[in-house]
Amino acid sequence: MSTLDKKILSLREQIKNCKSQLKPSFLCDEDEYQEQLELRWHIDELEAELDKLLEQNRAEEEIEGW
């Protein structure tokens, strides 16, 4: 397994763990709402990084296919 594959798996696991901590906004008090908002931003950042790595992985696979 390549380093890139390991990073992808790690990011997927991190995203899964973060999403498991999310609560519906109507169940949150004011303090929890801010924490949940920050958690959602963090998930967005992780997903953007994952997308970039997946794109890089596809590019590497295309190069190896030549």
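**Figure 1. Asn 57 is placed in helix H2.** This structure is a predicted model, in which local features need pLDDT of at least 70 and side-chain atom pairs count only at pLDDT 80 or more, while totals for chains, interfaces and linings use all residues. Residues are numbered from 1 along each chain as its sequence is written, and side-chain values use heavy atoms, with hydrogens and water left out. Helices (H or I, at least four residues) and strands (E, at least two) are DSSP runs, numbered from the N terminus. Asn 57 has a relative accessibility of 15% and therefore counts as buried. The term buried means under 20% relative accessible area, exposed means over 50%, and partly exposed lies in between (1.4 Å probe, protein chains only). When neighbours within four places in sequence are left aside, Asn 57 is in contact with Leu 4, Asp 5 and Ile 8; contact means heavy atoms within 4.5 Å.

**Figure 2. Glu 47 of helix H2 is partly exposed.** The relative accessible area of Glu 47 is 26%. Residues up to four places away in sequence not being counted, Glu 47 touches Ile 15 and Lys 19. Glu 47 and Leu 11 stand 36 residues apart in sequence, and 7.8 Å apart in space from C-alpha to C-alpha.

**Figure 3. Ile 43, also in helix H2, is buried.** Its relative accessible area is 4%. Not counting residues up to four places away in sequence, Ile 43 touches Ile 15, Cys 18, Lys 19 and Leu 22. A separation of 9.0 Å is found between the C-alpha atoms of Ile 43 and Lys 16, which are 27 residues apart along the chain.

**Figure 4. Gln 36 lies in helix H2 and is buried.** For Gln 36 the relative accessible area is 9%. The residues touched by Gln 36, not counting those up to four places away in sequence, are Gln 21, Leu 22, Lys 23 and Cys 28.

**Figure 5. Helices H1 and H2 are roughly antiparallel to each other.** The axes of H1 (residues 3-20) and H2 (residues 30-65) come within 9 Å and cross at roughly 155°. Axes are lines fitted to C-alpha atoms, for helices over the stretch in contact, and angles run from 0 to 180 degrees between N-to-C directions. Angles under 35 degrees count as roughly parallel, over 145 as roughly antiparallel, 65 to 115 as roughly perpendicular and the rest as oblique. On the side of H1, the contact is made by residues including Leu 4, Ile 8, Leu 11, Ile 15 and Cys 18. On the side of H2, the contributors include Ile 43, Leu 46, Glu 47, Leu 50 and Asn 57. The residues of this contact divide into 11 nonpolar, 4 polar and 7 charged. Here Ala, Val, Leu, Ile, Met, Phe, Trp, Tyr, Cys and Pro count as nonpolar, Asp, Glu, Lys and Arg as charged, and the others, Gly among them, as polar.

**Figure 6. The chain has 2 helices and 0 strands.** Its radius of gyration is 16 Å, well over the 11 Å that the globule rule gives for 66 residues, so the chain is more spread out than a compact globule. The radius is taken over C-alpha atoms, and the globule rule is 2.2 Å times the number of residues to the power 0.38. Along the principal axes, the C-alpha atoms fill a box of roughly 55 × 15 × 15 Å. Of the 66 residues, 20% count as buried.
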